[in-house]
Amino acid sequence: MGTDANGRRPVGSPAAGVVHRLAQRHETLATVESLTGGLLSASIVEIAGVSGVYRGGLIVYATELKTWLAGVPEDLLADRGPVDPDVALALAEGGRRRCGADWGLATTGVAGPQPQGGKPVGLVYVAVAGPGGAEVTRLDLDGGRDHIRSATVIEALRLLAQRIHAADAATVPGTQAAADGDPATAATGGR
């Protein structure tokens with residue numbers, strides 16, 4: 001795995017952290033990928049024991065497939081284009097619903113080498129939809145295409161780890177202080 005949005009290599013495997021935590025919670029995951037084109041799902045299925053957690057994923061590289069396969073509203077795509085925070089949220093929720101999963105994780109953005117639809121190279125949105133709601137994060141990444149794609153995978157998994165950690169804190173009294181901690185720690189089990 002490459003480096004994250006800040007150029008740091010994660011300690012441990014962000015995918016392993018979320019897979020193991022979801023297994024403990026008896027919850028499932030689906031992915032919907034645009035710019036990562038399967039890299040996110042590949043990092044997840046590398047983890048031993050993932051079959052009880054990972055339902056599957058959609059690769060919706062072409063804009064129309066975001067509607068046809070993931071259920072993103074056509075008017076949203078027509079108005080804003082595929083690289084948009086609300087599109088990322090719709091992808092995550094669509095993947096969750098279409099794959100029958102507890103959690104949906106989505107990526108959309110511009111990996112380059114050229115800008116797309118007036119959006120700059122490195123503009124990325126990652127989104128997660130889960131039992132407690134949805135969240136999207138904007139990333140402004142630099143570097144080449146490979147770095148943008150691999151950093152997107154790491155940041156998407158971190159966002160998922162953060163949301164799982166928040167869900168844990170919401171169900172276990174007295175753990176809010178831990179929920180305010182570093183999401184990377186939650187994803188990797190420590191530093």
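I looked up Thr 108 and its contacts, meaning heavy atoms within 4.5 Å. Leaving aside neighbours within four places in sequence, I found Thr 108 in contact with Ser 34, Leu 35, Lys 66, Pro 82, Val 83, Asp 84, Ala 88, Leu 91, Val 124 and Tyr 125. Its side chain reaches the backbone oxygen of Pro 82 at 2.8 Å.

This is a predicted model, where local features need pLDDT of at least 70, side-chain atom pairs count only at pLDDT 80 or more, and totals for chains, interfaces and linings use all residues. Residues are numbered from 1 along each chain as its sequence is written, and side-chain values use heavy atoms, with hydrogens and water left out.

I placed Thr 108 in strand 3. Strands (E, at least two residues) and helices (H or I, at least four) are DSSP runs, numbered from the N terminus. Is Thr 108 buried or exposed? Thr 108 counts as buried because its relative accessibility is 1%. Buried means under 20% relative accessible area, exposed over 50%, partly exposed in between (1.4 Å probe, protein chains only).

Next, the cores. A nonpolar core is a set of buried Ala, Val, Leu, Ile, Met, Phe, Trp, Tyr and Cys residues joined through side-chain atoms within 4.5 Å. The largest one has 31 residues. Leu 157 is among those with the most contacts inside it. Helix 1 (14-25), helix 2 (39-45), strand 3 (103-109), strand 4 (123-130) and helix 6 (145-171) each give two or more residues to this core. Helix 6 gives the most, with ten residues.

Last, I checked Ala 42 in helix 2. Ala 42 counts as partly exposed because its relative accessibility is 34%.

Note on methods
A polar contact is a pair of N or O atoms within 3.5 Å; within protein, one must be able to donate a hydrogen and the other to accept it, and residues adjacent in sequence count only if both atoms are side-chain atoms.
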